[in-house]
Amino acid sequence: MTMLDDRTTAATTWPTAYPEGYAVVDVETTGLFHYDRIVSAAVYRLDARGNIEDHWYTLVNPERDPGPVEIHGLTSEMLHGAPLFGDITGELTERLEGRVLVAHNAKFDWGMIAREYARARRTAPTRQRLCTIALARELALPLPNFKLETLAAHFGVVQQRAHHALDDARVLAEAFRPSLHSAARDGVRLPLLECRPLTEWSDTAPAPRIGYQPSYGRSSWRPSRKRPPCPYPNPGRYEPGGQLKQGMRVAFSGDTSIERELLEDRATEAGLHVATSVSRLTSLLVTNDPHASTAKTVKAASYGTPVVDETAFTQLLGHVTPAAGAPVDQGGVPERGRSASPPAQAAEPGPKTETGTAQGMLPGMAPASE
C-alpha cells in the first residue's frame, strides 16, 4: 500500500530528536468506560520517516457483550472464536516495542491497551505516545473539527470502512505521514507524551446516574463521575514536608501507575476534595512529571501550587490530619461507618469544568494536550 507522496520534504534535513519508528494503532471496544474491553485491534508499523513497513489486525474476544454492534459491526457470533487479549499480547508487543504509539485521541487507545495488558498480568512495552489531534493543533491545520474523517479529507485520504480498526489505522497512517513531514520541515517538536503502564486497576462499573446515557464518542476513555461534595472546609495549601488535611483540594495530572479513578476514590475516602482543574484554591497537584508544559502544571506553577508525585501522595494518604470535630481512627481519617460532623462553615464551591487534559511528558518533549 502506497503512502501519500510528499515531495516537498524530500530534501528536508530530518530532526535528529525525532523517534526512530512508529506504531499507528486503532482499537474498537465494547464502550468507553474503564470496565469496557477491546474487540479488535490494528497496528501499522512505520519507519522513522513515516513509510509503512507492515500492518497487522486481529479480532479479540471481549468475554462479554460486544457493545455497540451498529458502530463497529462485530457481533457475539463473530467474536466467539476470536483469541483473548492475553493470547495476542506477544504479537502486539512485538509491534509496539521500541516505537511511539500513534493514535487519533491517543489517550483513549492507550488507556484501553494499558488496562488490557494489566488484566492479562503483562506490561505494555509502549513508553511514548503521539496524538494526531495534538499534532494537528501543533501544525495549525485549517480543520473545522478534529474528527478522523476530517483529517483524512484534508490530506485526500479515502476512508472505506469507518470504525473498522484496520481501515481506521490505515487512514490514520496515511494522514500521519504528511503531518510528520510538515513537522520536520518546519522544525516542530512532536507532542510526545509518556505512557505509564497500570500496576493497579478496577473493573467495577460506576453506579448508573438517572437520566445519564453515555455516548459512543472518542472524547474520553474515562467516565465522568459525580462525587459527593467534600464536607470539610479547605484548610489551605499543602505545606511541603507536612501532612495532608481533610478538606484540602487535590488535583491530578498525567498518567499514573495506579488507575486514576482508584487514586481519586482513596483521596475522597480520606476526606480530601478531588478537583478536576487547578485554581488558586488548589491545595496540591499530584503528577509524575511536574515539568510538563500542560494546562494543570502551567497553572500550578503560576499559582505557586505545591506538587508531589504519585508515590509521595500515596504515602501521604496514610496520615491525613482530621478536620476539626471529625472522629478519627489510627490512620487519621474518619472511621468507616461513622459520620463526621463538619464544622458549621460553608463547604467550598464545587470544581469548575476542566478546560484541558494534562498529560505527563518525558524530558525534552513538546507541550501537548489530548
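I take helices (H or I, at least four residues) and strands (E, at least two) as DSSP runs, numbered from the N terminus. With that settled, I placed Asn105 in the loop between β4 (100–103) and α4 (106–119).

I noted that this is a predicted model, in which local features need pLDDT of at least 70, side-chain atom pairs count only at pLDDT 80 or more, and totals for chains, interfaces and linings use all residues. Residues are numbered from 1 along each chain as its sequence is written, and side-chain values use heavy atoms, with hydrogens and water left out.

**Whole chain.** I looked up the secondary structure of the protein chain and found 10 helices and 10 strands. Of its 370 residues, 52% are buried, where buried means under 20% relative accessible area, exposed over 50%, and partly exposed in between (1.4 Å probe, protein chains only).

Most residues other than glycine have a negative phi. Is Arg121 buried or exposed? Arg121 is exposed, with a relative accessible area of 65%, whereas Asn105 is buried at 5%.

**Ser179.** I located Ser179 in helix α7 (residues 165–186), and Ser179 counts as buried because its relative accessibility is 6%. Leaving aside neighbours within four places in sequence, I found Ser179 in contact (heavy atoms within 4.5 Å) with Leu135, Leu139 and Phe155.
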